[in-house]
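I opened this notebook to record what I looked up in one structure. The entries follow the order in which I made them.

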Amino acid sequence: MSPGRLFGYRSWWHPAERAGYSGSILLSKEEPLAVRLGLGLEQFDVEGRVIQADFPQYTVISAYFPNAGRGVERMQYKLDFYSAFLEHVNGLRARGQNVVFMGDLNVAHNEIDLARPEEAMKGTGFLPEERAWITRFIDAGYVDTFRALNPDLRGAYSYWDAWRDRRARNIGWRIDYVMVNGEFMPRVKQAFIQPEVMGSDHCPVGIELES
């Protein structure tokens, strides 16, 4: 963790043990009550995928979900991560905390969430067993804030393959989410995607809360 501030933000980092492979960061102007790195499970925490910050009215989790890649072993790892993460956030809610979790979930939920669903089914990120986990989060009481507030909006993506100029042609995927527990959803004024922000093959996504 870094104690310093940059542009008024405090930062916390959770790097993977394997340099350059994965990791997560959380920035906040408000000082949290507590910060936790990881889920407390070594097989996931060595990849630096989760940072949790507790605030008086809610808990924020910055998360980078695994990519299944091409191997069966990594697919099982990804599905196990979904299961462990859901158990973790359900535990927070059981203690009466509101939960906001956000980041790259590495899956598009429905056909509206990507430009070429038939092409996407040939690889990972849109397979039925992956998509089912987004449904499980929703069935467990979490809300996909962007889709809830923009139920019919097409062409809204947060990730584009770097090859063949796909970003300029908006051939993308919506795989970055901000999700909240249903009881907290009335606090969400808007949910947004900012494709005009460059610098990565992903773009920022976020929400604005009622004060």
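Entry 1. Before reading accessibilities I noted the cut-off: a residue counts as exposed when its relative accessible area is over 50%, and as buried when that area is under 20%. I also noted that the model is predicted.

Entry 2. I looked up Asp165 and found a relative accessibility of 51%, so Asp165 counts as exposed. Asp165 sits in the loop that joins strand 9 and strand 10. Its phi is positive, about 55°, although Asp165 is not a glycine. I recorded the background to this: most residues other than glycine have a negative phi.

Entry 3. I then turned to Arg164. Its phi is near 55°, again a positive value in a residue other than glycine. Arg164 is found in the loop between strand 9 (159-160) and strand 10 (172-173). Is Arg164 buried or exposed? The relative accessible area is 59%, and Arg164 is therefore exposed.

Entry 4. I moved on to Tyr177, which belongs to strand 11 (residues 176-181). Its relative accessibility is 1%, so Tyr177 counts as buried. Which backbone atom does the side chain of Tyr177 reach? I found the backbone nitrogen of His109, at 3.2 Å. Setting aside neighbours within four places in sequence, I listed the contacts of Tyr177; among them are Phe101, Leu105, His109, Ile134, Asp144 and Val205. I also checked Tyr177 against Ser11: the two are 166 residues apart in sequence, and their C-alpha atoms are 21 Å apart in space.

Entry 5. Leu105, one of the contacts of Tyr177, was next. Not counting residues up to four places away in sequence, Leu105 touches Phe65, Lys78, Tyr82, Ile134, Ile175, Tyr177 and Met179.

Entry 6. I asked how many residues the largest nonpolar core has. The core has 28 residues, and those with the most contacts inside it include Leu105, Phe101, Ile61 and Phe137. Two or more residues each come from strand 6 (59-64), helix 2 (72-94), strand 7 (99-104), helix 4 (128-139) and strand 11. Helix 2 gives the most to this core, with 10 residues. I noted a second, separate core of 14 residues, which includes Ala53, Val100, Val143 and Val178.

Conventions
Residues are numbered from 1 along each chain as its sequence is written. This is a predicted model: local features need pLDDT of at least 70, side-chain atom pairs count only at pLDDT 80 or more; totals for chains, interfaces and linings use all residues. Side-chain values use heavy atoms; hydrogens and water are left out. Helices (H or I, at least four residues) and strands (E, at least two) are DSSP runs, numbered from the N terminus. Buried means under 20% relative accessible area, exposed over 50%, partly exposed in between (1.4 Å probe, protein chains only). Contact means heavy atoms within 4.5 Å. A polar contact is a pair of N or O atoms within 3.5 Å; within protein, one must be able to donate a hydrogen and the other to accept it, and residues adjacent in sequence count only if both atoms are side-chain atoms. A nonpolar core is a set of buried Ala, Val, Leu, Ile, Met, Phe, Trp, Tyr and Cys residues joined through side-chain atoms within 4.5 Å.
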